[in-house]
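Me: I'd like to learn how to read a few features of a protein model. Could you walk me through them, starting with burial?

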Amino acid sequence: MELKDFREQIDSLDRDLVRLFLQRTELAGQIGDYKRERGLPILDASREEQKLEILEQDCPPALRGELRQLYRTIFAMSREVQHRRSPEMICGLLGRKLGHSYSPQIHAQLGAYAYSLFEREPEELEDFLREGEWQGLNVTIPYKKSVLPFCDALSDTAREIGSVNTLLRRPDGSIYGDNTDAYGFAWLLQRNGIDPKGKKALVLGSGGASVMACWVLRQREAREVLVISRSGENHYGNLDRQADAELIVNTTPVGMYPRNGEAAVDLRQFPNCSGVVDVVYNPARTALLLQAEELGIPHAGGLGMLVAQAKRSSEIFTGASIPDTRIEEIHRGLQKEMENIVLIGMPGCGKTRIARALGEKLGRPVLEADEEIEREAGMSIPEIFRLEGEEGFRKRETRVLSELGKRSGAILSTGGGCITREENYPLLHQNGVILWRKRDISLLSRKGRPISLSRDLGELYVERAPLYERFADHIIEETDTVEEAVEKILEVLA
């Protein structure tokens, strides 16, 4: 067949897909009408999960992750169609460049309203706020101050902070503005046992999030609140003056994906520090939080704040109270969904097979560190060892892990020796839960594994076991089959 013949077949299939898409969309709308008439919620998460499991039975294992991604998009579009056909509220997130946002996913679990992403340029802002079809909005960069002139009324919190991240269009058409970021930040402090009262706090950054954080810290009776910026009286060049700081709050994007691994300050400069907060939530553990963890300092990341402020926003949108327990439930669910599952263990212990089985079971992408190293190098691992030695291989491995570790929601199978470099730990831990697969050394495969072939496995295990234990969040003890290992992992992560 010629290329044009393949393209003609693709074109024919696309026409069929459009026809089926329109039919499915119409049926989704009719289902929405049916649910509205009977007072049923639009979102039925258990039904969607059951549907995915049924569809996976007709799909090759290698494509199940892509199938899930496709149908989650279709489900989300169907819900939006259903919301549009109903008299329910239209809400969303307003910003300039939104990219990926967890807000629709969070709000789908909070209220019976459509929630969309509204990307608008500055010149479009006034028309959208005055004439756009919306009842409730969350507002993000760069419009938290820009929307102030359009608000007919403000909450005391928004007025005092001087920025708005939540808007409500009232029945009379007037616009009410609030700042629910303050609620989310206060919840984050309380939930993690970080009490500012009587303490000296440093707030890194001078933007809108910094102003909000300073306000909350003062409300919580911090003894002193200082803003650290790149210029001005208090800046990063004279931090030695602030060595007595007891609380550090990062409101800058330093360390945020894709610039993982960066930190605005070194916590060792602050021997009295008793709390660290980073409003960044991707990665789950920024370099700042990883250092706080290493030093044994109580710390908190920004995901919980995101969920808490969404809960308060939803209450403003609907006028209905939502129990605080929903924050914990949604936060925990998001954490599990975003977190990588990282497998470590001796060479030949079955990490690859377990990772693939987990990927099929959970519908997650599977990342193989050794495969990526070979792809990047353009040669096999034995060839890398032969030409560059173990040191050359380890450098390549760290470089690959620095990229794979930035991913979210994946299954990551690592090489058996990745734990020999301490710098690999934060790369794996920043977004992942690390599982050590223990296996009797007599059952380990040596094929294609240079170090296993050149060393006594007993000696290698004695040398590496403390390192595996150091890296691991959980240990998956000896299991006979891949299926048993997968079940144990699911139990541990439940």
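Reply: Happy to. Buried means under 20% relative accessible area, exposed over 50% and partly exposed in between, with a 1.4 Å probe and protein chains only. Asn138 has 3% relative accessibility, so Asn138 counts as buried. This is a predicted model, in which local features need pLDDT of at least 70 and side-chain atom pairs count only at pLDDT 80 or more, while totals for chains, interfaces and linings use all residues. Residues are numbered from 1 along each chain as its sequence is written, and side-chain values use heavy atoms, with hydrogens and water left out.

Me: With which side chains does the side chain of Asn138 make polar contacts?

Reply: A polar contact is a pair of N or O atoms within 3.5 Å; within protein, one must be able to donate a hydrogen and the other to accept it, and residues adjacent in sequence count only if both atoms are side-chain atoms. Here the Asn138 side chain meets that of Ser313 at 2.8 Å and that of Thr166 at 3.4 Å.

Me: Which residues of helix 11 are buried?

Reply: Helices (H or I, at least four residues) and strands (E, at least two) are DSSP runs, numbered from the N terminus. An α-helix has 3.6 residues a turn, so residues three or four places apart point the same way. In helix 11 (residues 325–338), the buried ones are Ile327, Ile330, His331, Leu334 and Met338. Seen down the helix 11 axis, they fall within an arc of 105 degrees (taken from the directions from the axis to the C-beta atoms), so they line one face of the helix.

Me: And how many aromatic pairs are there?

Reply: Rings of Phe, Tyr and Trp (its six-membered ring) pair if their centres lie within 6.5 Å; planes under 30 degrees apart count as stacked, over 60 as edge-to-face and the rest as tilted. By this rule there are seven aromatic pairs. For Phe118 and Phe128, the centres are 5.0 Å apart and the planes at 45 degrees, so this pair is tilted. Trp436 and Tyr468 form a stacked pair, 5.5 Å centre to centre with 25 degrees between the planes.

Me: Over which ring does the charged end of Arg169 sit?

Reply: The test is that NZ of Lys or CZ of Arg is within 6 Å of the ring centre and within 35 degrees of the ring normal. The charged end of Arg169 sits over the ring of Trp134, 4.2 Å from its centre.
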